[in-house]
Amino acid sequence: MIQYKSEAEIEAIKESALILAKAHGEVAKNIVPGVKTLTLDKIAEEYILDHKASPSFKNYNGFPASLCISTNENVVHGFPSGYELKDGDIISIDCGVYFNGFHSDSAYTYPVGNVKEEVLQLLKVTKTSLYKGIESAVYGNWTGDIGYAVQSYVEEFGYGVVRELVGHGVGRNLHEEPEIPNYGKRGKGKKLKEGLVIAIEPMINLGTKNIVQESDGWTIRTADKRPSAHFEHMVAIFEDRTEILTSHQYIEENYKF
């Protein structure tokens, strides 16, 4: 069942999302060649805890960390580790915050140092596709309109749209109904109504859309081991507007590509 939010609940989600945005900003300052991904996880966790919130992902269904950190061919749900970022890598940072009874969730993919032009284009196109999806996330539209907007844009570049992983509702639970696929047909799916809060999160591959799960039971990578990008925002649907609740502002103050 879809849990529609009141304006007061949406304001509470925005408070959670502000802590999340600033945690992302602290991580962004430290994305450089040579940094261990475990270090990035520690930075995010300390910031979140220092602001009287908790990391949504830690211990969620047994997940061991505060950040999902996925490099290069890894799509999502990667573990922080002793891996040191290298010049030419890309790294997806997905983070969630629980504060005053509500979750927030957003993601950003960074180039590290000098990245191949075709990979940099993948990041730019995937980021743009997020906003294409948001443009279609308006009152009276359907979840299929969001997926169509993302899919039709990225497939022009020959990229693969992951099918098995989707966006979702967010609120008192980290994952709620409805699912928000990054592919679909206009006019299909669930209707977008007042009070709906959803995470839109394109996961786009440079090559095939197909994915596999690694032996750790969590990490998802591309089947052809080519790079994948991931960007995510939460939005709230109102009759007269759609509001982006999360922010990449603090990331982009510190990290531009």
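Analyst: Start with a charge over a ring. Arg-163 lies over the face of Tyr-183, 4.8 Å from the ring centre. The term needs NZ of Lys or CZ of Arg within 6 Å of the ring centre and within 35 degrees of the ring normal. Arg-241 sits over a ring too: it lies over the face of Phe-238, at 3.8 Å from the ring centre.

A word on the source. This is a predicted model, in which local features need pLDDT of at least 70 and side-chain atom pairs count only at pLDDT 80 or more, while totals for chains, interfaces and linings use all residues. Residues are numbered from 1 along each chain as its sequence is written, and side-chain values use heavy atoms, with hydrogens and water left out.

Now ring against ring. The whole structure has eight aromatic pairs (rings of Phe, Tyr and Trp, the last by its six-membered ring, with centres within 6.5 Å; planes under 30 degrees apart are stacked, over 60 edge-to-face, the rest tilted). One of them joins Tyr-108 and Phe-231: the centres are 5.0 Å apart and the planes stand at 75°, so this pair is edge-to-face. (Strands are DSSP runs of E, at least two residues; helices are runs of H or I, at least four; both are numbered from the N terminus.) Tyr-108 and Phe-231 are both buried, that is, under 20% relative accessible area; over 50% is exposed and in between is partly exposed (1.4 Å probe, protein chains only).

Strand β5 also holds Tyr-110. Its partner is Tyr-255, again edge-to-face, with 4.9 Å from centre to centre and 85° between the planes. Tyr-255 lies in the segment after α5 (249–252), 145 residues from Tyr-110. Tyr-110 and Tyr-255 are buried as well.

Last, the cysteines. The structure holds zero disulfides (cysteine sulfur atoms within 2.5 Å). The nearest cysteine sulfur to Cys-68 is that of Cys-95, 9.0 Å away. That is too far for a bond. Cys-68 is buried, at 6% relative accessible area, and Cys-95 is buried at 1%.
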